[in-house]
Amino acid sequence: MRTRTRSAIVVAVALVVLLAFVPPMVRAYTDWLWFGEVGYRGVWTRVFITRWVLFFVIGALVGGAVFLGMRVAFRARPLFPSARSGDPLEPYRRVVLQRGRLFGVGIPVMFGLLAGLIAQGNWATVQLFLHGGAFDSVDPEFGLDVGFFVFDLPFYRWVLSWLFVAVFFAGIANVATNYLFGGITVGGKMRNVFSSSALIQIAVLAGMFVLLKALAYWLDRYALVSSGHREPAFTGAGYTDINAVLPAKFILCAIALLCAVACFAVIRLRDLRIPLLSLGLLFLSSILVGGIWPLVVEQLSVRPNAAVREAPYIERGIEATRQAYRVGDETVEYVPYGGIGTTPPEDTPADVTTIANIRLLDPDVLSRTFTQQQQLKNFYEFPENLDLDRYRIDGELRDFVVGVRELSPERLTGNQTHWVNQHTVYTHGNGFVAAPANRVNAAVRDATDGASSSDSGYPLYTVSDIATHGTEQLIPVEQPRVYFGEVLGQSGQEYVIVGAAPGEAPREYDTDTSSFTYDGEGGVSIGNWFDRLAFSARYGERNIIFSSEIGSASKILFHRDPAERVNMVAPWLETDTNPYPAVVNGRIVWIVDGYTTVDGYPYSQRSTLPEPDALRSQEINYMRNSVKATVDAYDGTVTLYQVDSTDPVLQTWMRVFPGTVRPESDVPDGLRAHFRYPEDLFRVQREILARYHVDDPLEFFTTNAFWSVPSDPTVDTNPNQPPYYVLVGDEETAQPSFRLAGAMVGFHREFLSAYISARSDPEGYGKITVLELPTDSLTQGPQQTQNSMISDTRVASERTLLERSNRIHYGNLLTLPIADGGLLYVEPLYTERMSAATDGSTFPQLARVLVSYRDPQTGGVLVGYAPTLAEALDQVLGGGAGSAATPPGGDAATPAEEAPPPAEGPAPAVNPDAAAAAQDLQVALEELRAAQREGDFRTLGAALDRLQGAVDAYVAATGGQ
């Protein structure tokens, strides 16, 4: 029985070891192969070695401290511990003595393993310390370079935290061992509780702990300049921190040093009273000096005079935050802007360019339209959110809604989901699809008539795919096959197996009449049995071993999401949440914006990234878009380009991983032409500019001049309106300029306060312009404009009819500066036929265009609503301003000739009954909304009845028109 038990234990331990160590080893080996394939094995090696060094160093520190604490206590135990009758510790003492090696080594090893596993995750902190440089910017309080706070201080605090852990657990282990073996007894007189050796051990450990606390007090002084306890007012040290907390930290540090000396004095005095008294003094001092004194200063000196007291420190915060987020005077230009137009748009060349390029296609709405009209096969799909980019066509810069026709493994059905088909046949997408963003194929004249609008309001596509390869493409693509993309990366399919030996028949699906064999450089070879076994173990798939479809030339493609690939090769970067495709020199590439971030920049305001990476802290107070990365959609090649040579954080990471980031001079012109100002950076910067555009610290303290990001007027669940890309006329040259823009409203108000735009053109890239409206202006913001437009009787009445059989989607509400002081709002309205089917084939089409403009004469708000942009603009701008708009029709390369004006004729007679019915309809709609908010079903039913009556009256009055 004993032999069986021992065998069972051995088998169980072997299984545990197998399950614990084999999967990580398999993953490490396959990742090592992958990093070698993409050419970044040096990154893997450096991170791997750093992690293991930290694992062993911190594991040895904590485990060694625990072992030493136990060992010293055991060796100095009383030779004849009291063995009172019924001693409850005696059985445990015998067990420990019988298995001394198991307990004496096993417990420290357990603590060491746990500590090492936790510590190895901080490899980035260690590498930043080892390779960090200077910022050439000095902290105003201590006179130290910012690099100390960003690179050095986090490392010092990290080391200190592990020293605390080591001493703490060593103390716990020492006390437990002394208690078990009689060095500490309970129940007697106080002077008999500790043996002489136990007393010295505990005093030394306490002295070490207090000594570390003194060092912590010293480092806490430097941490004050990055503290966030005064947020949201400002970040960093304030008056109380500098004049009360900082001296208090110094005093507490001195007291802690004295306490440590008192603890060490026990070695000679053999008396605990002095260290206990000193520890009591430290505790009392931490309350009085570290807590009550700063509170008194705050309440009696600062709070009554807060604006004046905090002004110098707020000024520090303003300057530091602008530097940290690069929104200072060297980047941001503030321009006074009236809010009311002073010049007819048709007389301003820049406005003519802006109007001609007003975007009507919303990339966040039209994904299903692209999929339904350009899908080709059931297993193809476009990303949920399409992208915007610009291309030069016939010498003219134009913006396009773009998307890649990717393979969607989740759309495979039936036998297509068989392992062979899913992983070796359906492997890639097909082509790049684009549509001019400023027009559709035809205007929808009667949006309520499905038959008349069935082929109107849709994008004009230009397709560069396998079928058009070799023909004259508007956007030429040499290799249209897509093995890496957003849809592929976000699907549940982790890998595909491609490639074949020369002479083997192709097996990958290409078209209905042809197959293809992948011949790209990317992919990990699995031609040998060992590698096949490794990947079979990684994915838990035996077919990788036994399938005859896999040969000596086969490769496995995995990590197929572009952002994931960039994060793998550059784990020190944060990546933008919106990678986008571009055709560069005939290749489809994904462009991924990379950010360097830190969270210890002195006095800088903290921000939160939209989707923070697990490696970095969620909160940051420094951000640079220093790297542009590309991922080839065919072979997965990852290339990192430096685009900010002044960023000290990037310079540090380039020293950590030399050769991984190419210099800015290596950026091809064709690629630079497709760089966009990144959305996530813009979101963070506009939140910063909402407050830190204020120069005067006293005004900053009152918050009176702050701005706010408006809520999204088209999506109720979105608290902030997303920024949007626009192609507008340059104020000086009138040439098209591609920019990322967004409106700002007053602090907790809805009136427009500013308009922020960032240039994406190669010339002047990154230049931010802020149009500041007068503080006393009442220019409507996005939410108010949306309410004005949808409350217009024309819009409300037609929307009621449309909603009977359609879902309505509002596109981007664009804010465009025109008329030398005016602001034009443009919003496309899309309709989508309702379908009873669960997976219906309906999709949005552009039905109407809404515009809003403030009348320069009366100051009133004018609303335009028409099937075309030109007609809507004429309604609010007059004077034929709509003639500058690009008319619908033509093809993707060439716009249609200017649309003929509507036929002249007598003005239609105003039908008083129809006008009254429209007004009743609007009132009924408001009553219905009020009833829905109240949740009273009886009131809701009555409101529905009144609405139906108003609809019937309107239809009767208009004759159904």
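1. Asp-730, Glu-731, Arg-739, Arg-759 and Asp-761 are joined in a network of salt bridges, a salt bridge being a side-chain nitrogen of Lys or Arg within 4 Å of a carboxyl oxygen of Asp or Glu. This is a predicted model, in which local features need pLDDT of at least 70 and side-chain atom pairs count only at pLDDT 80 or more, while totals for chains, interfaces and linings use all residues. Residues are numbered from 1 along each chain as its sequence is written, and side-chain values use heavy atoms, with hydrogens and water left out.

2. Arg-759 lies in strand S26 (residues 752-759) and Asp-730 in the loop between strand S24 (724-729) and strand S25 (736-746), so the pair ties together parts that are 29 residues apart in sequence. Strands here are DSSP runs (E, at least two residues) and helices are too (H or I, at least four), numbered from the N terminus. Both Arg-759 and Asp-730 are buried, where buried means under 20% relative accessible area, exposed over 50%, and partly exposed in between (1.4 Å probe, protein chains only).

3. The structure has 31 salt bridges. One of them joins Asp-389 and Arg-390 at 3.3 Å, N to O, and both of these residues are buried. Glu-679 pairs with Arg-676, their closest N and O atoms being 3.7 Å apart. Glu-679 is buried, with a relative accessible area of 11%, and Arg-676 is buried too, at 2%.

4. Now for a charge without such a partner: Asp-561 is buried yet has no salt bridge, and the nearest side chain of opposite charge, Arg-565, is 9.0 Å away. Asp-561 sits in the loop between strand S14 (555-558) and helix H18 (562-569). A polar atom of the Asp-561 side chain does lie 3.2 Å from the backbone nitrogen of Ala-563.

5. On the surface, have a look at Glu-315, Glu-319, Asp-696 and Glu-699, which gather in a patch of negative charge. Patches are made of residues with over 30% relative accessible area and no salt bridge, like charges being joined within 9 Å and nonpolar side chains (Val, Leu, Ile, Met, Phe, Trp, Tyr) within 5 Å. Asp-696 is partly exposed, with a relative accessible area of 38%, and belongs to the loop between helix H21 (679-692) and helix H22 (697-702).

6. Lastly, Ala-311 is part of helix H11 (residues 306-325) and is buried, with a relative accessible area of 12%.

Key. Areas by Shrake-Rupley, 256 points an atom, 1.4 Å probe, with all protein chains shown as cover. Lys, Arg positive; Asp, Glu negative; His and termini not counted. Charge placed at Lys NZ, Arg CZ, Asp CG, Glu CD. Polar contact = N/O pair within 3.5 Å; in protein donor to acceptor, adjacent residues only side chain to side chain.
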